[in-house]
Amino acid sequence: MTPAVIIGVGGFGCSIAAGVRERLTEFARARQNPEHHLQELERQVRFVAIDTNRFSSAMKNFTQAEQMVFSPPSPDALIQQRQGLLKEWWPDHIQAVGPFVTGAGGMRAKSRLAYFLHGDAVSSKVQQLVSQIRASSVANMGSFTGSAGQMVYVYLVGSLSGGPGSGMLLTAAMHLRNELDNDVRTIGVIPLPGIMQLGPGSAQQDMVYANCAAGLRELDWWMTPPNKRIATISPFFKAGLQEIPDRMTGGRRAEPFDLCYLFGAQNRLGKPLADYDSYIDLIADCVAGDLDSPASFGAQSLISNVLGAMDLAP
């Protein structure tokens with residue numbers, strides 16, 4: 001089992017994260033000595049669900065401790081004041097966004113505002129979970145293999161087409177890259193609009209495509225090495241009291257993800273799946289296969305092989 005933290009962002013991301021847990025549980029139960037493998041899953045993998053809508057149906061799949069709901073009160077008052085870094089990045093044409101009663105309403109800037117106010121809790125939470133995984137390995141193995149030198153994979157799963165994912169996914173990735181140590185690998189898992197137009201927000205197709213187009217442009221910029229970017233945007237962002245720089249120091253990679261999966265609606269033969277839920281199942285299967293492929297049993301996980309081919313594995 002590969003040590004990992006799975007972070008679902010927004011309704012789609014949280015649904016996939018829940019699916020990953022289901023698949024990993026199924027893998028464990030299908031093996032010899034299932035109790036041992038279930039305990040291994042409990043030790044090695046942690047889950048976080050992030051959303052701006054506390055009433056999201058996907059949240060019911062997570063414990064209270066795993067949930068992080070960002071619903072700041074009176075956002076319009078903050079927008080009108082526009083002090084500090086908020087004044088620099090908030091879009092001038094948006095004068096009000098309304099309360100977070102049912103989430104971000106498909107607005108990228110609104111969900112990014114939520115992260116701006118409460119995102120410092122994300123890095124603290126993930127650092128704590130990474131430490132727990134390593135400490136558990138120490139207790140189980142009785143050696144130093146669970147120390148800071150143990151590789152842990154952090155998956156950020158979510159759509160760029162809605163509000164929460166489009167505004168928070170990349171921001172969280174840049175934030176975590178700055179706060180976590182060099183022995184953590186960050187993996188992005190993002191569905192494209194062809195999938196998201198089938199979902200609950202399908203009535204807002206124009207917004208689905210516009211949000212994702214903007215998110216992909218940002219992703220393309222930040223996945224470009226700093227010395228190849230045509231300009232500097234510094235600092236990248238601020239979450240609570242933590243400033244997120246646009247580039248990292250100490251030999252760490254500056255890009256938000258070591259590897260980012262983009263899922264389209266069609267395969268190489270141009271064939272789509274039947275419906276929205278089928279894509280959730282497919283992506284959950286792929287992430288679970290990364291962590292604990294039932295085809296490999298005692299072998300290394302798939303993700304280490306992928307990163308190894310890219311010269312990024314430990």
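## A buried arginine and its partner

Arg134 is buried, with a relative accessible area of 6%. In this predicted model, Arg134 forms a salt bridge with Asp181, and the closest N and O atoms of the pair are 2.7 Å apart. Arg134 belongs to helix H6 (residues 120-141), while Asp181 sits in the loop between helix H7 (164-179) and strand S5 (184-191), so the bridge ties together parts that are 47 residues apart in sequence. Asp181 is partly exposed, with a relative accessible area of 32%.

## The chain as a whole

The protein chain is built with 11 helices and eight strands. It has 314 residues, of which 50% count as buried. Its accessible surface comes to about 14,400 Å², and carbon and sulfur atoms hold 53% of that surface.

Among contacts in the protein chain with a separation of 6 or more, 72% are between residues 24 or more positions apart.

The model has 10 salt bridges. One of them joins Asp285 to Arg23, with 2.5 Å between the closest N and O atoms. Asp285 lies in helix H10 (residues 276-292) and Arg23 in helix H1 (residues 10-29), so this pair ties together parts that are 262 residues apart in sequence.

Arg31 and Asp292 are both buried.

## The cavity

The structure holds one cavity of 30 Å³ or more. The volume of the largest cavity is about 40 Å³. Rolling a probe the size of a water molecule over the atoms shows where empty space is left.

The largest cavity is lined by Leu160, Leu169, Leu170, Ile190, Gly215, Glu218, Leu219 and Phe257. By class, this lining has six nonpolar residues, one polar and one charged. H7 and helix H9 (205-222) each supply at least two residues of the lining. H9 gives the most, with three residues.

Thr52 is placed in the loop between strand S2 (45-51) and strand S3 (67-69). The relative accessible area of Thr52 is 0%, and the residue is buried.

Leaving aside residues up to four places away in sequence, Thr52 touches Val69, Phe70, Ser71, Phe100, Gly103, Ala104, Ser111, Ala114, Pro164 and Met168.

Terms used:
Residues are numbered from 1 along each chain as its sequence is written. This is a predicted model: local features need pLDDT of at least 70, side-chain atom pairs count only at pLDDT 80 or more; totals for chains, interfaces and linings use all residues. Side-chain values use heavy atoms; hydrogens and water are left out. A salt bridge is a side-chain nitrogen of Lys or Arg within 4 Å of a carboxyl oxygen of Asp or Glu. Helices (H or I, at least four residues) and strands (E, at least two) are DSSP runs, numbered from the N terminus. Buried means under 20% relative accessible area, exposed over 50%, partly exposed in between (1.4 Å probe, protein chains only). Contact means heavy atoms within 4.5 Å. Accessible areas come from the Shrake-Rupley method with a 1.4 Å probe; for residues, only the protein chains shown count as cover. On a 1 Å grid over the protein atoms alone, a cavity is a set of points where a 1.4 Å probe fits but cannot get out, and a pocket is an open set with protein on both sides within 12 Å along at least five of seven lines; lining residues have an atom within 4 Å of a point. Grid points are joined across faces, edges and corners, and a volume is the space filled by probe spheres set on the points. Ala, Val, Leu, Ile, Met, Phe, Trp, Tyr, Cys and Pro count as nonpolar, Asp, Glu, Lys and Arg as charged, and the others, Gly among them, as polar.
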